Amino acid sequence: MNSLPRWMGALDRKLVRELWRMKIQALAIAFVIAGGVAVHLLAAGMLSSLQETRRTYYERYLFADIWAPTVRAPQHLIADIRRIEGVQAATTRIRVPALFAMEGMSAPATGEVLSLPDVGEAAVNRLHLVRGRLPAPGQRSEAVALQAFADAHGLEIGDTVPATLYGGRRRLTVVGIALSPEHVYAIGPGQFVPDDRLFGVLWMRRGALAQAVNQDEAFNEAVVRLSRDASEPAVIAELDRLLEPYGAPGAYGRADQISDAFVSSEIDQLATMGRVLPPIFLLVAAFLVNVVVSRLIAVQRAGIGLLKAFGYRDRDIIGHYLKLVAAIAATGVLIGGTAGIWLGRSMAELYMEYYRFPFLLFQADPADYATVVGVAMLTVMGGAALAVRRAAALNPAEAMTPAPPPDYSRTAGAWITRIKVLDQQSRMILRQIVRWPLRAALTVAGIAASGALLIGTMSMMDGIEVMIDSSFNVSNPHDVSVSFIEPRSRGALFSLAREDGVLASEPFRVVPVRLRHGAREERVAITGAPQDGTLSRMVDRHNRPVWPHPGGLILSSDLAAKLQVRAGDLVEAQVTEGRRPLLSLPVASVTTSYIGSQARMELQDLNRALGEGSQISGVWLTVDADRTEALYARLKETPQIAGVGLQAEAAKKLAAMLDENLGRSILIFVFFASLIASGVVYNTVRISFAERQRELASLRVLGFSRADVSYILLGEVAFLTLLALPLGAAAGTGLAWYLAHAMSSDLFRLPFAIAPATFGVAGAVVVLITVVASLMVRAQIDRLDMAEALKTGE
């Protein structure tokens with residue numbers, strides 16, 4: 001630092017020397033700024049990348065705006081559908097559930113087979129071929145497989161897939177492997193987590209599939225793309241009117257399409273993350289800069305007075321310290337920008353594992369860079385401006401006069417002096433805190449903020465554990481869920497109950513409805529379950545079972561909020577299958593549901609309301625884990641089974657997905673929260689050391705040991721850290737509550753939960769950081785040159 005170029009001004013050389021001398025302090029502040037910048041770029045960049053990727057993918061492959069399922073409608077209706085005002089393109093197709101007997105896997109894989117036009121590509125929902133080709137026209141056994149399913153089973157071009165379609169067994173040859181815009185998040189009906197081994201999608205030529213499932217000259221689903229200025233509700237209403245005679249349950253838009261709903265949920269969570277967390281980092285950085293610059297000016301007041309005496313103007317002094325802060329902020333922005341891009345690219349690779357796009361490149365919008373750089377610089381410079389004004393206001397004569405020693409003879413200082421139970425060093429610590437109460441309060445606030453951020457982010461993992469335990473182990477403790485192609489009599493229950501390995505069984509009935517209350521309407525399915533059933537039930541937030549009153553309906557709290565109903569209200573349920581009765585049902589109770597929206601009735605009440613006798617849609621089973629092989633083999637051969645859900649696999653997959661996806665984000669936040677604690681604690685101790693070098697040297701001359709002197713300095717920050725821990729716990733609890741609500745969506749609702757271990761880990765991290773920062777300063781105390789320190793206050 002002694003060989004700085006001569007062309008640099010005196011203040012600029014002073015600036016470089018100061019930055020070098022306080023390099024660790026400066027880096028601590030820069031890393032806090034970097035945390036805010038990186039989190040903002042990660043959230044904003046990933047958000048814009050997902051949005052742009054989804055928009056481009058959907059447009060390029062003609063993703064549908066509306067789906068209109070039906071039971072069986074004549075093909076000639078396509079002309080009427082295309083004439084509906086607002087319809088840009090439309091096509092009809094066949095969509096059927098399937099069971100796949102995959103080699104090397106005992107459990108049955110479920111999925112669906114969709115039709116492609118007999119010639120060429122589809123006008124809506126085109127495929128992106130990864131390799132291979134589309135089935136040849138007229139070929140009855142060729143199919144294209146979804147890439148996720150193919151990769152999970154190692155399928156290559158030419159391999160065969162045994163499939164059961166409406167009771168018929170077929171061996172389909174894979175001629176192509178593809179991605180689909182409507183299977184970005186490939187998940188089966190009623191499931192909430194993708195499992196590429198257990199759910200697959202195949203595409204066949206229409207003629208071949210129609211022959212296999214008896215749908216010649218007919219379709220069971222229409223898909224529609226809208227023109228730019230079309231009204232989605234109006235087109236849906238017209239489609240419902242046109243298809244109602246053919247058993248249509250009701251058309252729906254993208255908001256209810258399961259794959260797009262999951263992508264939209266992820267986008268909403270990224271937006272929330274970007275809105276909530278970066279401001280915390282930047283505000284703490286502004287606080288740190290204010291504290292550091294204020295105390296640096298206090299330490300250098302004599303030097304500032306000397307500069308003014310030599311003719312330097314106020315704006316020169318202000319510019320000097322603002323340059324110091326700008327250099328630190330620029331370093332933080334550079335580190336944060338680099339880290340944000342690197343983290344964003346890593347997250348993009350992770351997203352590609354769950355959201356199957358042909359491409360997903362992390363690329364933050366230039367406006368995002370400009371915004372975060374501008375906000376970071378303004379926030380930090382604003383924090384510095386308040387402190388720099390004090391430097392400009394110093395009078396040279398006053399500044400060059402040593403500050404008067406503190407007077408502890410009055411008020412709290414005198415009271416502390418008389419506390420005989422404390423040793424002399426402890427009384428010194430308390431007097432120092434009393435002397436600078438605002439400084440102590442700001443230090444406590446900074447440490448508490450880091451603890452709160454640690455608790456708030458780690459609590460999301462606690463919420464995930466509660467959600468999985470409640471949804472799978474308490475609400476749905478069954479092992480296997482078997483769904484039928486269409487409702488069957490209770491004889492199907494008795495047949496499955498007698499299978500080898502089945503320990504317990506309970507039937508259920510699922511009925512699609514439109515629930516209405518006033519002007520509000522929601523598309524849901526009412527599940528009918530046995531009264532006092534044990535294999536699937538709704539529970540309250542304390543995991544206590546909630547049972548419906550006779551003829552009554554239980555609604556999940558999110559569904560009740562959408563309909564604006566509460567217990568005791570009446571809702572209309574327009575059934576959208578079979579005879580389509582209109583039911584008037586009382587809401588018996590409203591309770592918690594963490595996954596999806598739920599409406600539940602007693603099974604016999606639902607059967608009675610539908611006037612259909614003892615019909616069931618499926619069966620929940622508890623099975624002997626040692627005897628599942630024969631059971632799974634039997635299920636694969638049963639023609640009326642549409643799907644098989646395995647609870648243990650679903651719970652394991654959901655936990656793994658959330659741990660890897662959300663868990664990686666939480667680790668990033670925990671790391672940056674630790675940087676906040678490091679920045680606050682280290683700067684507090686280091687500046688205190690700079691301010692009190694003369695005092696500490698005097699104590700050493702008077703006979704105090706290095707341990708005594710270290711205790712006086714480091715005991716203060718230890719005491720303030722202990723004060724900050726309960727405040728951080730309280731603030732972290734509030735942040736955890738906010739994040740639980742802000743990060744919830746229509747698909748998942750994160751419960752507010754904080755495990756005791758979370759408080760313990762957060763406290764331990766803060767204490768560990770305090771110890772490490774204190775040891776770093778302790779090393780400087782041991783190297784203190786007493787003679788040099790006694791010569792000058794700087």
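I'm working with a predicted model, where local features need pLDDT of at least 70, side-chain atom pairs count only at pLDDT 80 or more, and totals for chains, interfaces and linings use all residues. Residues are numbered from 1 along each chain as its sequence is written, and side-chain values use heavy atoms, with hydrogens and water left out.

**Helix α17.** I took helices (H or I, at least four residues) and strands (E, at least two) as DSSP runs, numbered from the N terminus. Helix α17 covers residues 603-610, and its buried residues (under 20% relative accessible area, 1.4 Å probe, protein chains only) are Leu603, Asp605, Leu606, Asn607 and Leu610. I looked up what they pack against, taking contact as heavy atoms within 4.5 Å: the list is β13 (502-517), β14 (520-529), β18 (570-575), β20 and β21 (615-623). At the start of α17, a side-chain oxygen of Glu602 comes within 2.9 Å of the backbone nitrogen of Gln604. After α17 I found Gly611, with a positive phi near 65 degrees.

**Sheet.** Next I checked an open sheet of four strands, with antiparallel pairing and the order β2-β10-β1-β11. Strands pair if DSSP finds at least two bridges between them. The edge strands, each pairing on one side only, are β2 (87-93) and β11 (252-253). Between β1 (residues 66-74) and β10 (residues 218-226) I noted six bridges in the antiparallel sense. Trp67 stands opposite Val223 in β10.

Note on methods:
Buried means under 20% relative accessible area, exposed over 50%, partly exposed in between (1.4 Å probe, protein chains only). A polar contact is a pair of N or O atoms within 3.5 Å; within protein, one must be able to donate a hydrogen and the other to accept it, and residues adjacent in sequence count only if both atoms are side-chain atoms.
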